[in-house]
Amino acid sequence: MNMTQRAWLGCVILMALLAGVAASAAEKKAMPKEDVVEVPAIGQGLCVANIFQSNMVLQRDKPLNIWGWAEPGEEVIVVFAGQQVQARAAADRAWQVTLQPMPANRVPQTMTVKGKGTTLALANILVGDVWILGGQSNMEFPISNVDDGELEIVSANFPQIRLLTMPVGKGFASVRSFERLHEWSDWSKRHFRKGDWDICSPETVREFSAIGYIFGRRVHMASGVPIGLIDASIGGTTVETWTPLDVLRKIRGAETQAMLKDWDDRIAAFNPQADLKARVAAYENRMKNLQAKGQPVLADEQRPGDIRPGPVADKNRPGCRYASVIQPLRGLAVAGALFHQGFNNCFNGSAGARMYYQVFGKMIAAWRANFDDPKLPFCIISLCTAGEPQTMENFAVPMYDAGTLIREAHYRTFRDLHDAGDTAIGFASSFDQRKSFYHPQIKIPVGERAAKWALATQYKLLQGRDAQDYWLPPTIQKVECADGTLRLTMSGEVKTRDDSDGKLLGFAIAGEDRRFYPADATWLTDGTKNNRNRVQYDRKTIVLSNRFVPRPIHYRYAWARNPMGNIVNHHGVPLAAQRSDDWILEETPVKIATPKDMPEDAVRRQVANQLRKELEQADLMRRIQEAEATLAELKPALEKAKADGKKNAADAGQGRAGEP
């Protein structure tokens with residue numbers, strides 16, 4: 001081929017590529033602003049549930065349920081890894097078979113599903129561990145948006161890690177499958193491909209859960225086992241929507257029952273026609289105002305004409321996300337789950353946090369039941385940071401935040417289960433990855449922290465007498481009031497995270513007046529020195545004091561949405577956010593009087609505003625007290641220095657006078 005021919009061929013190839021790009025762009029542009037389904041949840045004729053696809057990972061060492069649909073009465077034969085099992089489709093077309101447990105297998109295999117006249121072949125299937133990633137947007141947050149995410153993306157060449165992101169589903173109308181589709185997001189104004197198993201690569205990992213991917217890649221690298229990751233998280237969701245409705249109905253907590261009644265009342269009161277009428281009136285008023293101002297009408301601004309379903313279809317309706325995302329996977333064999341959620345439960349104060357605590361443990365049990373494993377490994381990743389960091393100048397005000405109560409509910413639920421002997425429950429704090437953003441981008445250390453839990457407890461790869469210390473937070477085992485201090489006895493020795501100057505940060509103490517001050521925290525010592533003349537400390541006992549709290553009775557640690565706190569065990573696992581008091585958020589330090597007939601939301605806002613002002617004044621007063629105390633301490637030293645200076649000057653003058 002001569003140079004002219006090669007140039008011509010190059011032009012042809014380039015034109016073809018450009019035409020392909022243009023066609024792809026046109027196709028993408030033409031996609032409507034709604035869900036575009038490629039594979040329905042249940043297909044015609046012989047089909048399997050869409051969780052079963054080429055490129056997936058099947059769970060090792062557990063019985064494997066495989067299910068799908070066929071013609072009523074049709075015999076279905078499933079063949080995989082030397083096993084052959086069969087079933088007959090019921091009147092509703094449903095069929096299910098169970099494969100016997102099998103060990104991990106890194107060699108790709110094909111599953112065949114045979115019916116009367118159709119054979120399905122699912123290729124490139126691995127056998128390993130499948131992990132569910134649950135929660136809301138901070139679990140959903142993609143690796144492309146986190147600190148050092150691009151480095152992780154270009155390194156994501158792991159063909160034995162497989163990724164699947166669940167669609168939001170059809171709410172309570174969901175079936176034991178899900179659609180494979182391009183899902184439209186009103187929030188992002190774009191489509192996301194959902195419901196497909198992908199081989200992990202730099203191209204496929206970009207929009208996947210950052211925490212989930214980091215967890216999976218570390219576990220895979222350490223164990224060598226194929227890993228399947230199913231991202232079942234949805235932004236902006238609450239704990240109650242991830243819990244089965246029938247489970248919620250059985251919870252006797254007053255706050256949970258009040259939450260359910262509120263939803264029931266809102267659903268019953270919603271009038272679709274009245275809603276449409278109100279939206280039309282708002283539209284006409286908006287058009288009138290634009291016209292009066294001479295402003296143009298936006299191209300997509302249209303007169304409402306659709307009938308909306310109202311709260312019955314709200315994504316946070318109790319039980320809704322469980323029904324649409326978790327229940328379609330009922331009976332799937334998995335290795336375990338991670339759960340990172342809480343932000344959208346931070347808006348109802350103490351009552352909302354009490355409801356969260358009542359529900360969360362029941363949610364975990366329901367997920368375990370859904371996956372046919374009452375001892376399913378389940379790692380709680382506690383609520384992450386948001387807002388400006390707590391500082392010594394702004395210490396008390398950030399303590400008024402319901403987010404700390406949600407974080408407390410995470411830790412209390414973990415302790416309840418762990419202390420009752422649940423060896424499959426895990427916990428990982430994230431409050432120490434501090435960013436002033438409700439989607440803090442420091443996700444990689446959080447995923448690694450969850451992986452340490454799995455590698456120590458499930459894979460037994462972090463071993464030794466201190467294996468639990470790789471993930472288990474240190475605990476405060478005893479609290480004593482002594483000589484104007486609080487003494488905290490820890491489960492083991494602790495240190496500061498940075499070890500720079502040894503300051504123990506993050507504790508607050510209060511007396512009966514409920515006013516918290518930053519604690520001066522030190523390790524216990526009796527003054528004994530070692531052979532190098534250094535003071536000996538008991539690093540299992542922390543002593544808390546503050547000159548302005550003469551009789552402390554309670555402590556709090558890391559008690560803010562973006563808190564101070566640097567205490568860790570010898571493997572760097574942070575002490576969890578916690579407290580010894582049970583004081584109500586809205587009554588600390590004082591209870592604010594409000595009119596009896598004021599609506600609940602208005603009461604919450606008024607109390608929050610007044611208490612934050614109260615705490616702001618408390619911070620200012622404390623700083624003044626500290627400054628005055630410092631001046632009082634320094635004044636004698638200053639007077640002495642002045643006196644010494646005068647004496648030295650006088651002595652020097654006498655010396656000069658006596659010179660020859």
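Predicted model: local features only at pLDDT ≥ 70, side-chain atom pairs only at ≥ 80, totals over all residues.

**Exercise 1. Work out where Asp 483 lies, and whether it is buried or exposed.**

Step 1: Look between β18 (476–482) and β19 (485–490); Asp 483 is in that loop.

Step 2: Asp 483 is not a glycine, yet its phi is positive, at about 55°.

Step 3: With 75% relative accessibility, Asp 483 counts as exposed. (Buried means under 20% relative accessible area, exposed over 50%, partly exposed in between, using a 1.4 Å probe and protein chains only.)

**Exercise 2. Describe the protein chain as a whole: its secondary structure, its span and its buried share.**

Step 1: Count the elements, and you get 13 helices and 27 strands.

Step 2: The C-alpha trace spans about 120 × 75 × 70 Å along its principal axes.

Step 3: Of the 660 residues, 48% count as buried.

**Exercise 3. Which residue forms a salt bridge with Arg 60, and what does the pair tie together?**

Step 1: Recall the idea: side chains of opposite charge can pair when their charged atoms come close. Here a salt bridge is a side-chain nitrogen of Lys or Arg within 4 Å of a carboxyl oxygen of Asp or Glu. The whole structure has 39 of them.

Step 2: The partner of Arg 60 is Asp 129, with the closest N and O atoms 2.9 Å apart.

Step 3: Arg 60 lies in the loop between β3 (57–59) and β4 (64–69) and Asp 129 in strand β9 (residues 119–135), so the pair ties together parts that are 69 residues apart in sequence.

Step 4: Both Arg 60 and Asp 129 are buried.

**Exercise 4. Now look at Arg 622 and Glu 626: how far apart are the closest N and O atoms of their salt bridge?**

Step 1: Those atoms are 3.2 Å apart.

Step 2: Arg 622 and Glu 626 are 4 residues apart in helix α13 (residues 600–657), so about one helical turn separates them.

Step 3: Arg 622 counts as buried at 2% relative accessibility, whereas Glu 626 counts as partly exposed at 25%.

**Exercise 5. Find the strand order of the open sheet of 4 strands, and say which strands stand at its edges.**

Step 1: The order is β22-β21-β25-β27, with antiparallel pairing. Two strands pair if DSSP finds at least two bridges between them.

Step 2: β22 (516–518) and β27 (578–579) stand at the edges with a single partner strand each, so one side of each has no neighbour in the sheet.

Step 3: β25 (residues 554–557) pairs with β27 over 2 bridges. Tyr 557 has Gln 578 in β27 as its bridge partner.

Conventions. Residues numbered from 1 in each chain as written. Heavy atoms only, no water.
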